[in-house]
Amino acid sequence: MIIQMAFRYLTGRKLRTVLTTLAVVFGVLIVFGMNILIPSLLQAFQANVLAASGLVDITVTSVTGEAFPAELVNQVSGIDGISAWAPSLDREINLPADFYDGNSAVADRISAIALVGIDPQAAPTVRVYHIHSGRFLEAGDTSAAVISQSMADALGVQPGQSFALPTINGVVHLQVAGILPLQPRLLPGNEEVLVTLPQAQQMTGLQGKINIIDLNMSTTDEARRRSIQQAVEGAVGPQYHVGVLPAGSDVLASVKLAQAAFTMLGFLALFMGGFIIFNTFRTIVAERRHDIGMLRAVGASRRTIVALILVEGLLQGVIGTVLGLLLGYLLGAGVLQLVGPTMTQFVHVQVGGPLVSPGLLLTTILLGVGVTVLSGLIPAVQASRVTPLEALRPPVAEIEYGWKSRAGFIAGMVLIALALLAIISQQLSLVLLGGLCLLVGLVLVAPALVWPLSSIFSRLITLLYARDGVAQLAEGNLTRQPTRSAITASATMIGLALIVAGGAMIASLLGTVTDITRKSLGSDYVFVPPSIGLWASDIGSAPEFADHLRAVEGVADVSTLRFASTQVKGQPISLLGIDPVTFPRVSGLQFQQGDEFAYRALAQERALIVNGAFLAATGSKMGDTVALATPDGARTYRIAAVGADILNVKVTTAYVSQANLKADFGKQEDVFIQLNLRPGADSPAAEQKIRALTAGYPQFKLIAGRTYIQDLLQQTTAAFVGLFIMLIFLALPSLIAMLNTLAIGVIERTREIGMLRAVGATRRQISRLVVAEALLLAALGTAFGLLAGLYLGYVMVSGLGTIFPMAYSFPVAGMLAAIAVGLIFGVLAAIIPARQAARLEVVQALRYE
Amino acid sequence: MSLVQTQNLTKIYGKGETAVTALNRINVQVAAAEFVAIMGPSGCGKSTLLYLIGGLDRPTDGRVIIDGQALEGLADQGLTELRRRKIGFVFQFFNLIPVLTAVENAALPLTLDGVPIKEARIRATEWLQRVGLGDRLRSRPDQLSGGQQQRVAIARALVAEPALVLADEPTGNLDTRASDEVAGLLRQVANTWGRAVVMVTHDPRIAAYADRIIFLKDGTMVDESRLTPATAETTAMWPGR
Ligand SMILES: Nc1ncnc2c1ncn2[C@@H]1O[C@H](COP(=O)(O)OP(=O)(O)OP(=O)(O)O)[C@@H](O)[C@H]1O
Ligand SMILES: [Mg+2]
């Protein structure tokens, strides 16, 4: 009997049933689809971060440094926790003098080459190769190579053209397949030539051999990483060296952060999906109060009522969940298919296939069926408490004036306060949790804000639809159900908050990266030695070279780096000598502790500025005095500040004044030079003189800093824009939530619409009413979204700041995008319900119950 | 010339075996300022007739002429404008928009027609005062009694100065006293304010307020009776008349 009635209800109101089931489908789809996407994206992100840093989680090499059989890969690839692996064969090839230019009068721009044989399929899973023209290597390529832009410039070759390389079999000609742009890890002078593994093996006579295996782990958990490392060590045996990315390194930290952020996205999807289902179902059941009262009046017990709703909810929940799972999988796989190529092209991220875990499947099913039944049950239980008489009043569409639950408001405020406390704590995990608290808090507080906010926005819409009296109605329709409006707006809010927060994050990151890059490499000219960072192997120039440069007409400042190696507490330290006066003018450090005053300390005493890696390696902290090993015994230095530039973030580095470096280490060789012109100087003339001077010092490659930076920033921006577009996709579910609320609003008010048409509203006016309502709803959601997003963005930026210090940039682009997306979604969501409302036949609407 | 005229008005719902003839060749005429009641058993087609006259629905056959204008010649937009300017409606339920105040509800036909809000409010206020609700202008429907709600609906029906007011069981939801008040008010609409009123009702007592009663049965007109003020029992009912 109950089942029969439930069935009749479902089939009797087809549109409504379809809409509620659709809500379940969408809710499940979002949760499932998103969470299928996330692991693939995370993997891609990890590869990208590691690639940018030039590091991987684990590197396996032979203890002797010699090549070993390629089969070793099979022994490590299957280890649990290893998510990606790539074998390679690296070989340094020293070129004979004048190999490329054939001119002994001109200094060779390329004197050595690192030939790297890679597996074109495996390599991009470990690190990302940003091909900037041409294509990446493909399996089966013969005589094809990927080279860097600077090498292509030096050789004057383009994709499709070929160049020569000396090998054990004589000179081999390789065709350029693709070109990698300038990158910190591929700095000029340090030329890498990528070829396929078989090609490299053939060129070096090492058939079937490799000398490096790069591995990435799927976890950032320290204990788990250690056990994976041990498993790898066990698998390869003692004749191999297993190098691991050190714990606490900033690269690991940023991967960790990304993991947390993506997990949060997963939670948000869950939240949004649950919301959509809850809101829709709640509305439908609330609308049936009248029927429920009637059933109670004719003798149905409360339990019967609850059972009725339960059966209905279960039916819809199960059907919706099954459909949602199917569609969600299709969505996930489809997006990966679709986004994959574009991501590879623009963001240089290789995405894998969809990943479905049993846990995800279970969560999704529980959510789909559970939330549906629950969201039906709560109002049903409420309704079953209503006396039959009360429920039998003439069915006036339910209105809720003011928000009912003061408790909800208070709880919301408490959650928001907790979120605020979380940022103060500066604990990464707490900050992320706080973000979630904030969202829930806002959702709870939102109903109280619906009325004031919508009355403000309806003024704006009145301007748009002047003289129609429609805006007023739309406002009324929203404020009559503040909870429902707030919940719907909340879905929009979450979506848009993501955009704004993402925008803030990206703007800040971009701003900071630009800043650091500008600081470290922003001089007009940079004189780059063969290997950056590994200063010990570079031959520099005597101070005279810099002096000559200073003497050139139009040159304002010349700053140089000098190098000495030393030890602190037995740890090798790369010591860089700077001129405390000119260095900050031309280049500069990003300070994490202390500030620019440290330069003065460097000039006045034995003081150091050290980088984060130094602190970690030596276990010292700011203000400590440490003993530096010098040729004449130990010297004590004070740590005056902590900071780094982009060239030396990874290596344990300390900066001293060049005067101290000379006094204690006897070194005054310039290994890296940066030069700024005077503003308004005759740059072509100056450049000509500088080039002429540099010709005498072939160890330096002269590059114009601005061009270099532009190149680098262009790439970074492209990557971030891609990320941003992805965030906009994540806002899509809010569109569905809005559509549902509007469509249900239309169904619920069918009779009212009939009445409006009877007293003379045209179809256009009805349709505008719905659009106005949608715009109001969208405006609400956008307003909430901007608020939440600004906050979240700030939280994320400062949270990230503990790892990667950056300045907060106000996300103007993010906010504009959010507003645009909000409005577009509003209009889009309105299209179907507005047409539906406008098409209603007056008489049918009037007869509708 | 009569204000409302129907010629062989026929409405058939559905097709084939399940077809229902709701109205069968109805010919009625309503003069200006006349108060007509339509009575008949449930399902006889009263509402259908009212909807057809009001241009809310289209007949299967026959025609409706209002103020010399044949409705079949009008498109949806034209019908909507006709309703806005020439016809006022009062229904049994859902007469008012719950989110609007009494004035806003009463002003609706004007605001929908593009009359500036201020002016629309002034005119709506006048009508609300005339129906005796001058003190409840800012109340929302849920703060008004059933009778008061119907009075707001009558004010709304009159605010655009229409020639015709159509009411479908306006007292169906009210107690005796409120019903009398509403019926008396409709009487006033015809007598004092000179609008034609067509009212559907089940209640003979309420129908007796009209000038004329049309009886429908199974979609056909079966009887018509003209009430005269001289009728003894009716006089007793409207002391004001
Ligand atoms: N959309 C429809 N489809 C099919 N039949 C309909 C439809 N609307 C009305 N009818 C039928 O038309 C006939 C007349 O209906 P109508 O609503 O006009 O009756 P009524 O006299 O107003 O009844 P009541 O006094 O109960 O309101 C009824 O038999 C009804 O079942
Ligand atoms: Mg009827």
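Let's start with a pair of strands in chain A: β7(A), residues 162–167, and β8(A), residues 170–180, run antiparallel and are joined by six bridges. Before I go on, keep in mind that this is a predicted model. The link between β7(A) and β8(A) is a hairpin, and it goes through two residues. If you want to find the pairing on screen, look for A:Thr167, which stands opposite A:Gly170 in β8(A).

Now, β8(A) has other partners too. Strand β6 of chain A, residues 144–148, runs parallel to β8(A), with five bridges between them. There you can pick out A:Ile147, whose bridge partner in β8(A) is A:Ile179. A:Gly134 has A:Gly178 as its bridge partner.

Staying in chain A, let's look at some helices. How many of the nine residues of α25(A) are buried? Nine of the nine, so this helix, residues 750–758, is largely enclosed by the rest of the structure. The buried set includes charged-looking names such as A:Arg751, A:Glu752 and A:Arg757, along with A:Ile753, A:Met755 and A:Leu756. Just after α25(A) comes A:Gly760, with a positive phi of about 115°.

Next, two single residues. A:Thr364 sits in helix α11 of chain A, residues 358–385. Is A:Thr364 buried or exposed? Buried, at 0% relative accessibility. Leaving out residues up to four places away in sequence, A:Thr364 touches A:Val28, A:Val31, A:Phe32, A:Thr321 and A:Leu325.

A:Ala616, on the other hand, is in helix α20 of chain A, residues 612–618, and is exposed, with a relative accessible area of 66%. Its C-alpha atom is 8.7 Å from that of A:Thr652, 36 residues apart along the chain.

Okay, over to chain B. It has eight helices and 11 strands, and 55% of its 241 residues count as buried. Taking contacts in chain B between residues at least 6 apart in sequence, 69% join residues at least 24 apart.

The sheet I'd point you to in chain B is open and has six strands, in the order β7-β8-β9-β4-β10-β11, with mixed pairing. Why do β7(B) and β11(B) each have one side without a neighbour in the sheet? They stand at the edges, residues 87–90 and 220–226, each with a single partner strand, so one side of each is left open in that sense. On average, neighbouring strands here are turned by 20° against each other, direction ignored.

Last stop: α3(B), residues 102–112, and α4(B), residues 117–130, pack at about 120° with their axes 8 Å apart. They are therefore oblique to each other, and the crossing is right-handed. Among the residues that meet are B:Ala106 and B:Leu110 in α3(B), and B:Ala124 and B:Leu128 in α4(B). By class, this contact has nine nonpolar, two polar and three charged residues.

Definitions and conventions:
Residues are numbered from 1 along each chain as its sequence is written. Chains are lettered from A and ligands numbered from 1 in the order in which they are written. This is a predicted model: local features need pLDDT of at least 70, side-chain atom pairs count only at pLDDT 80 or more; totals for chains, interfaces and linings use all residues. Side-chain values use heavy atoms; hydrogens and water are left out. Two strands pair if DSSP finds at least two bridges between them. Helices (H or I, at least four residues) and strands (E, at least two) are DSSP runs, numbered from the N terminus. Axes are lines fitted to C-alpha atoms, for helices over the stretch in contact, and angles run from 0 to 180 degrees between N-to-C directions. Buried means under 20% relative accessible area, exposed over 50%, partly exposed in between (1.4 Å probe, protein chains only). Angles under 35 degrees count as roughly parallel, over 145 as roughly antiparallel, 65 to 115 as roughly perpendicular and the rest as oblique. A crossing is left-handed if the near helix is turned anticlockwise from the far one by less than a right angle, and right-handed if clockwise. Contact means heavy atoms within 4.5 Å.
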